[in-house]
Amino acid sequence: FVSSPPQPDQGLPPPCSTVPAPWKNIAPCKGHRESPGALVEACAGEEVQVKEGPATAPLDVSRLRSSSMEIREKGSEFLKEELHKAQKELKLKDEECERLSKVREQLEQELEELTASLFEEAHKMVREANMKQAASEKQLKEARGKIDMLQAEVTALKTLVITSTPASPNRELHPQLLSPTKAGPRKGHSRHKSTSSTLCPALCPAAGHTLTPDREGKEVDTTLFAEFQAWRESPTLDKTCPFLERVYREDVGPCLDFTMQELSTLVRAAVEDNTLTIEPVASQTLPTMKVAEVDCGSANTCALSGLARVCRHRIRLGDSETHYYISPSSRARITAVCNFFTYIRYIQQGLVRQDAEPMFWEVTRLRKEMSLAKLGFFPQEA
């Protein structure tokens, strides 16, 4: 057999001895760090050189592989460093977020505390305002009560002034003016000395104590005194209580029962409400009385009785501006009832500080005045 010379392998690089160009070392120097771009360019240059030199030896391929491995390791180290930097930055961001979250929580807590303190202060101010309002209303109520009491006293004083003057006081309306030596029997009445010594004291079974008879020989009615005692324990202006119901039925009603029924009802209501005013009429303004003229709105005719009389006084009901002229008899009847109501109002308000018996005799005297006035007896100075 004829042996043919060995043919070179197809596609294999030529041996190193056949490469005409010298091999260029592309390995980096120690201590020198190249960027991945430079490495890629170097690799590309190597590939170009490999392509340019198709007859490169197998040793150069292994070196190329080792260079690519080194490039990968360096790229991996670079990426690890970048990842480490990103992790550090992320950690810093997390710490900043945590710090901001703590600041937000602290601000929210301070805001809640401030809101709670504001609400508490507002409630405190509301409570203080309510307490001040209640105290003011209480003071206003007390002031109105004092005003009503003073108005009642002024009304009573006006009534006393109308029927009594300092020069000629009415001693029946001012019992305190009577001296002990002059408080004996009235003029025209006489009694035997043995009369008062033989009078036995009256025992009131309801009150449970002894009542001495009056110096004029009057004796206390036990039934009336018992009713007055029951009313005095809890004084009231209610008409349904036995004491006032009897006085209304026996004295007040008949005394204020005038011919003009409609006006009589208004006068009675004004007396009960303490809103009636009696005013004197100046004598210069009084016209000459004419019997033929019968006018309830004039000074020649009494508005309550309808009779032709010289009216020296006029009345006004409440806040009304209308005046009604009244005769001396009608005026005496109204004044007697007003005196009675004024006294029991004083008792109700605690202004009368006496025992039950003197108070009862004063009430009896006022009832006597109403009885005389309704019968037509009245002081001439009225």
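This is a predicted model: local features need pLDDT of at least 70, side-chain atom pairs count only at pLDDT 80 or more; totals for chains, interfaces and linings use all residues.
I'll start with confidence. Mean pLDDT for the protein is 74, and 64% of the residues reach 70 or more. Taken by element, the lowest mean, 33, belongs to helix 3, residues 193-198, and the highest, 93, to helix 5. Residues 8-34 have pLDDT below 50, and the model gives that stretch 25 contacts beyond near neighbours in sequence. Residues 164-168 also stay under 50, with three contacts beyond four places in sequence.

Now the core. Which residues have the most contacts inside the largest nonpolar core? They are Val267, Leu276, Ile334 and Phe340, in a core of 49 residues. The elements that each supply at least two of its residues are helix 4 (222-233), helix 5 (242-255), helix 6 (261-273) and helix 7 (328-348), along with helix 8 (356-374), strand 3 (276-280), strand 4 (313-317) and strand 5 (323-326). Helix 7 gives the largest share, 10 residues. As background, nonpolar side chains in soluble globular proteins tend to be buried together.

Take Val267 as an example. Setting aside neighbours within four places in sequence, Val267 contacts Leu276, Leu304, Ile315, Leu317 and Ile334. Of these partners, Leu276 and Ile334 are also on the list of residues with the most contacts inside the core.

Next, the strands. Strand 4 pairs with strand 3 in the antiparallel sense, over five bridges. Strand 4 also runs antiparallel to strand 5, joined by four bridges. Arg316 shows both pairings: Thr277 stands opposite this strand 4 residue, and in strand 5 the bridge partner of Arg316 is His323.

Is strand 4 mostly covered or mostly open? Mostly covered: four of its five residues are buried. Between strand 4 and strand 5 the hairpin has five residues, and Gly318 takes a positive phi there, near 65°.

Last, helix 8, which is among the elements that supply the core. Helix 8 has 19 residues and spans 27 Å from first C-alpha to last, close to the 27 Å expected at 1.5 Å a residue. After helix 8 comes Gly376, again with a positive phi, near 100°.

To recap: strand 4 pairs with strand 3 and with strand 5, and helix 7 supplies the largest share of the core. As for confidence, helix 5 has the highest mean pLDDT among the elements and helix 3 the lowest. That's what I have.

Methods: Residues are numbered from 1 along each chain as its sequence is written. Side-chain values use heavy atoms; hydrogens and water are left out. A nonpolar core is a set of buried Ala, Val, Leu, Ile, Met, Phe, Trp, Tyr and Cys residues joined through side-chain atoms within 4.5 Å. Buried means under 20% relative accessible area, exposed over 50%, partly exposed in between (1.4 Å probe, protein chains only). Contact means heavy atoms within 4.5 Å. Two strands pair if DSSP finds at least two bridges between them. The expected span of a helix is 1.5 Å times one less than its number of residues. pLDDT is the predictor's confidence in each residue, from 0 to 100.
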